[in-house]
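Subject: Structure handover and notes on its helix packing

Dear colleague,

Please find below the structure that I would like to hand over to you. My notes on it follow directly after.

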Amino acid sequence: MAGRKRVPTKLKVLKGTYREDRSIKDEIFPDPNIPEAPDFLSKEALIEWGRITVQLSKLNLLTEIDMAALALYCQAWGRIVKYEKVVAEKGELYKTQNGNVQLSPAMWVVNKAYEQVYKFLSEFGMSPAARAKVSVNDANKQAENPYKKYKNA
């Protein structure tokens, strides 16, 4: 599908940009719920899971269906925590056997994890730019109204 990604109605309501004439008529509204953390998450990822699920749940932006995307975000965050410690201990660069200076493998992992986390931050409305578009006070007042009638449709 070409063009912009569709923005979920809940995010539109939080941002204050919801318009009924532009709403997704067949949008699915899963019940808000904190999903169970998958078994494969690292210790650092589980800590982030516990922290972020509470915050997303308060905004009604988290459902059981989001478990996989949230797990990917948390696991990438866990890699950042783990490999930033390695980089701090061993350095960002290393010398090869030929004497060339290269980026350490840990830095490659960290950089890739940063890219992954950054993508998920915007998906869940957690980046500064995305958060600037969300009004939590308005969310509490409007969250029920605009799209509730489509829930059972």
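Contact, as I use the word throughout, means heavy atoms within 4.5 Å. On that basis, among the contacts in the protein chain between residues at least 6 apart in sequence, 62% join residues at least 24 apart.

Some provenance before the details. This is a predicted model, in which local features need pLDDT of at least 70 and side-chain atom pairs count only at pLDDT 80 or more, while totals for chains, interfaces and linings use all residues. Residues are numbered from 1 along each chain as its sequence is written, and side-chain values use heavy atoms, with hydrogens and water left out.

Overall architecture

The protein chain has seven helices and two strands, where helices (H or I, at least four residues) and strands (E, at least two) are DSSP runs numbered from the N terminus. Read along the sequence, these elements follow the pattern α-α-α-β-β-α-α-α-α. Of the 153 residues in the protein chain, 35% are buried; buried means under 20% relative accessible area, exposed means over 50%, and partly exposed lies in between, with a 1.4 Å probe and protein chains only.

Helix α2 and its packing on α3

Two packed helices are described by the angle between their axes and the distance between the axes. Here axes are lines fitted to C-alpha atoms, for helices over the stretch in contact, and angles run from 0 to 180 degrees between N-to-C directions. Helix α2 (residues 43–58) and helix α3 (residues 67–90) pack at an angle of about 130°, with their axes 8 Å apart. That angle makes α2 oblique to α3, given that angles under 35 degrees count as roughly parallel, over 145 as roughly antiparallel, 65 to 115 as roughly perpendicular and the rest as oblique. The crossing of α2 and α3 is right-handed, a crossing being right-handed if the near helix is turned clockwise from the far one by less than a right angle, and left-handed if anticlockwise. By class, the contact of α2 with α3 has 11 nonpolar, three polar and four charged residues, where Ala, Val, Leu, Ile, Met, Phe, Trp, Tyr, Cys and Pro count as nonpolar, Asp, Glu, Lys and Arg as charged, and the others, Gly among them, as polar.

Helix α2 has 16 residues and reaches 24 Å from its first C-alpha to its last, close to the 22 Å expected at 1.5 Å a residue; the expected span is 1.5 Å times one less than the number of residues. Its buried residues are Ala45, Glu48, Trp49, Ile52, Thr53 and Leu56, and they pack against α3. Tryptophan 49 has a relative accessible area of 6% and, leaving aside neighbours within four places in sequence, is in contact with Pro35, Glu36, Ala37, Pro38, Leu41, Met67, Leu70, Ala71 and Cys74. Threonine 53, at 4% relative accessibility, touches Ile34, Leu62 and Leu70, not counting residues up to four places away in sequence. Leucine 62, in turn, is found in the loop between α2 and α3 and is buried, with a relative accessible area of 1%. Just after α2, asparagine 60 takes a positive phi of about 55°.

Helix α3 has 24 residues and reaches 34 Å from its first C-alpha to its last, close to the 34 Å expected at 1.5 Å a residue. Its buried residues are Leu70, Ala71, Tyr73, Cys74, Gln75, Ala76, Gly78, Ile80 and Val87, and what covers them includes α2 and α4 (105–123). The axes of α3 and α4 come within 8 Å and cross at roughly 150°, and this crossing is left-handed. The residues of the contact of α3 with α4 divide into 18 nonpolar, one polar and two charged.

Not counting residues up to four places away in sequence, arginine 79 touches Glu84, Val109, Ala113 and Gln116. The C-alpha atoms of arginine 79 and alanine 106, 27 residues apart along the chain, are separated by 9.7 Å.
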